Amino acid sequence: MEATEMDSSERSLEFYKGEVARLTQLVEESNTETASVRAKLHNAVRKGKSIEKERSEGAARIQELLAQLAEAQQGKGSGASQGDADTNASLRRALRAEEELQA
């Protein structure tokens with residue numbers, strides 16, 4: 001009986017060794033996949049921050065152009081020249097271009 005019990009114990013031991021090896025492999029694969037997903041997430045967050053920065057810079061540029069346009073239009077009432085009209089048209093074009101970039 002002892003030989004049979006020993007064979008049974010050895011088979012059990014081999015089974016559990018195989019299970020440990022299989023589970024270890026699954027953990028390693030999981031760690032690799034987690035690292036990959038973490039890197040992708042990091043890149044996505046970095047890109048999102050970059051887009052947000054561009055958006056806020058564009059919004060600030062639009063506000064700047066609106067202020068310049070308002071200033072130019074205030075001067076228009078007090079005998080504006082052709083140069084002022086050209087400046088106003090140029091500011092409007094720049095403002096439209098910035099708004100299109102924001103859309």
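What you see is a predicted model. Its secondary structure consists of 2 helices and 0 strands. There are 103 residues in the protein, and 9% of them count as buried. The exposed surface comes to about 8500 Å², with carbon and sulfur atoms supplying 55% of it.

Now the core. Which residues make up the largest nonpolar core? It has 6 of them: Ile 62, Leu 65, Leu 69, Ala 72, Leu 91 and Leu 95. Two elements each give two or more residues to this core, helix H1, spanning 2–76, and helix H2, spanning 82–102. The largest share, 4 residues, comes from H1. Take Leu 91 as an example: setting aside neighbours within four places in sequence, it is in contact with Leu 65, Gln 68, Leu 69 and Ala 72.

On to the charged pairs. How many salt bridges does the structure hold? The count is 3.

Glu 19 pairs with Arg 22, and their closest N and O atoms are 3.0 Å apart. Both residues lie in helix H1, 3 residues apart, about one turn of the helix. Glu 19 is partly exposed at 25% relative accessibility, and Arg 22 is partly exposed at 42%.

Glu 52 forms a salt bridge with Arg 55, with 2.8 Å between the closest N and O atoms. This pair also sits in helix H1, 3 residues apart. Glu 52 is at 43% relative accessibility and Arg 55 at 48%, so both count as partly exposed.

Last, Glu 64 bridges to Arg 61, the closest N and O atoms being 2.8 Å apart. About one helical turn of H1 separates them, because they are 3 residues apart.

Note on methods: Residues are numbered from 1 along each chain as its sequence is written. This is a predicted model: local features need pLDDT of at least 70, side-chain atom pairs count only at pLDDT 80 or more; totals for chains, interfaces and linings use all residues. Side-chain values use heavy atoms; hydrogens and water are left out. Buried means under 20% relative accessible area, exposed over 50%, partly exposed in between (1.4 Å probe, protein chains only). Accessible areas come from the Shrake-Rupley method with a 1.4 Å probe; for residues, only the protein chains shown count as cover. A nonpolar core is a set of buried Ala, Val, Leu, Ile, Met, Phe, Trp, Tyr and Cys residues joined through side-chain atoms within 4.5 Å. Contact means heavy atoms within 4.5 Å. A salt bridge is a side-chain nitrogen of Lys or Arg within 4 Å of a carboxyl oxygen of Asp or Glu.
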